[in-house]
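Visitor: Please take a close look at one part of this structure, the place where the two chains meet, and then relate that part to the rest of the fold.

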Amino acid sequence: MKRYELIVVGAGPSGLSAAIEAAKCGVEVIVFDENEKPGGQLFKQIHKFFGSKEHHAKVRGFKIGEELLREASDAGVEVVLNATVTGLYQNKEITVRIGDAIHHYKGDTIIIATGAAENMVTFPGWTLPGVIGAGAAQTLMNIHGIQPGKRVLMLGSGNVGLVVSFQLMQAGCEVVAVADAAPRIGGYGVHAAKVARTGVPFYLSHTITKAHGTDHVTGVTISEVDSSFKPIAGTEKYFDVDVICIAVGLSPMSQLFKMSGCNMEDNPKKGGQVPIIDSYGETSQKGVFAAGDVSGIEEASSAMIEGRMAGVCAAQYLGYCTEEEKENKLKDLEKDLDSLRQGMFAPSNRGKLIEKTDEGIDVSMSLLTKGFVSDDEIERFPGVTHKVGVHPVMECTQNIPCNPCQDACPKGCISIGENITNLPFVTDGSQCINCGMCVASCSGQAIFLVDEDCGDGYASITLPYEFLPLPKIGDVGSGLGRNGERVCEATVVNVKNLKAFDHTNLLTIKVPKEYAMKARFFRA
Amino acid sequence: MSRIENHPILGEPKKGKTVSFTFDGKTMEGCEGEPIAVALKANGVSVHRYTQKNHSPRGIFCAIGRCTDCVMVVNGKPNIRTCVTPLESGMTIQTQDGVAPKEV
């Protein structure tokens, strides 16, 4: 039986981060992962991440994955792929299936970072080919370059459902609707808004009552649900679809902890069965740590920090760094993690209806139920102001931990202030130079550059555009409102794509000036 | 055609060379190294197996090797997870019925 100083289970964002941090302290680390490639789910994430610079904000998930793999290889981390850890026993012994053989190893410390699995809901027809997990859709289109189908209904309006809906459209699929049994949208408003403005309807308080088809999905019926989530007869709506995507949350894959006898809890706020851990991930068994989604569902950014924390703690447990060195490293990591857990979507706020922002502004109820801020609500947010000439309009209306916009502006026009969850506002006396960096840097695609009166009866609006085919200068089409409905005719007057924009094209459209604050998307 | 030719963020997908395989006796083409399930999807195949008791169809569900809904008979061996098994030239792939190849 081979012995290692640290065995990490899972080569996703959290496991790799843990291995890197421990290896940097001098620990001999081995990582086992059941997949053919390392990186976990990071390589499927093609959207720009939220957060601050420290959290890799405005960097796309797969780029963060590439950085992580480089860092792991530089730190000398050994990753064994196609290796499924099938058991964790007392005294930190593990069994690993590689090929047709079972290997037996012992760790002086163990970090489990096995992540989470997708939840499922059942309805008549749910086993038909064509009913897939949202993660499956991401895997097919973003890793393997194939569309899951042509017309998709998304069940679930959490961040996964919203982000994957957008990605489906980027892959050239049509999203016919986003449905959710909950009465309010679960994910970030900005993610919902960028889906809604393309014309995708949201059906809240709706669930799937039937998937149609004999050998493959050919359609879906959704129905409104009452307050106890029972479908209401007579409210059925039918859609022609060939794919039904399910995004109804994740559950920690915590079986290994249970097997080894760690103290467990059933905690709905963390997504189910999780090991009981201290603030740095150590379980009731000394030297056995949990990091990432397996200890409570959050997101990749926090998983990476939790991984680093567990890596540092394992190194100190093994004697590779002093208590003081550990405390110093943990202090910085804790600060980063803490800032990610702030705001309306903080784990502690899960399930709560928040009616006012930290600034005391009424939250848009239209955003929570329809996916877009209505025209009469938008003016009350601090990012939405009026000025002569081109100026940023920031339709950021919820307190989320994200601030790349304030660093993006070379002229200092945008400020978030000290608290990362504050809503952005335009600073006094600043002069916008129309460079577009703020538009491209907003992970929520919520910033527009608007010239409300170009002098000729028209207004110009610069908006982020991440679809193909890319419209060309001179193209005439429709200006769509925040709700995705046509509001006016629009002409493309500029298309900008710089390397610094990282594949977010900036489309400038001209619209009659009365639509300056209404048109937010372009359809050819 | 369900393959993505060009993607606004990812560009052109990087794919292995084109290879032939058979599905229920029919010759098809796919890209070497991609999951069998992806090659089948590109050829319009969505039913991978029929369940033993009720003979109800199953296909891709999780696409990451967890749910085992997409298993098929590959090179004569049943219960192969096609979403995580790379396609090789000359593979024989059969719809699974229960745990045996489906008669065609």
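Guide: The contact between the chains takes 30 residues from chain A and 28 residues from chain B, two residues being in contact if their C-beta atoms, placed from the backbone, lie within 7 Å. On the side of chain A that touches chain B, β7 (116-118), β8 (131-133) and α3 (134-143) each supply at least two residues; helices (H or I, at least four residues) and strands (E, at least two) are DSSP runs, numbered from the N terminus. The largest share of that side, 6 residues, comes from α3(A). By class, the side of chain A that touches chain B has 12 nonpolar, 13 polar and 5 charged residues; Ala, Val, Leu, Ile, Met, Phe, Trp, Tyr, Cys and Pro count as nonpolar, Asp, Glu, Lys and Arg as charged, and the others, Gly among them, as polar.

This is a predicted model, in which local features need pLDDT of at least 70 and side-chain atom pairs count only at pLDDT 80 or more, while totals for chains, interfaces and linings use all residues. Residues are numbered from 1 along each chain as its sequence is written, and chains are lettered from A and ligands numbered from 1 in the order in which they are written.

Within chain A, the domain assignment gives domain 1 (2-117 + 250-340), domain 2 (120-246) and domain 3 (373-523), with bounds from an automatic or database domain assignment. The centres of domain 2 and domain 3 of chain A, taken over C-alpha atoms, are separated by 28 Å. Their contact takes 13 residues from domain 2 of chain A and 17 residues from domain 3 of chain A. On the domain 2 side, α4 (159-170) and α5 (189-196) of chain A are the elements that give two or more residues, and α5(A) provides the largest share, 6 residues. That side has 6 nonpolar, 5 polar and 2 charged residues by class.

Some backbone details deserve attention. A:Phe229, in the loop between β13 (219-224) and β14 (237-239) of chain A, has a positive phi of about 65 degrees although it is not a glycine. A:Phe229 is exposed, with 10 other C-beta atoms within 10 Å; a residue is buried if 20 or more other C-beta atoms lie within 10 Å of its own, exposed if 12 or fewer, and partly exposed in between.
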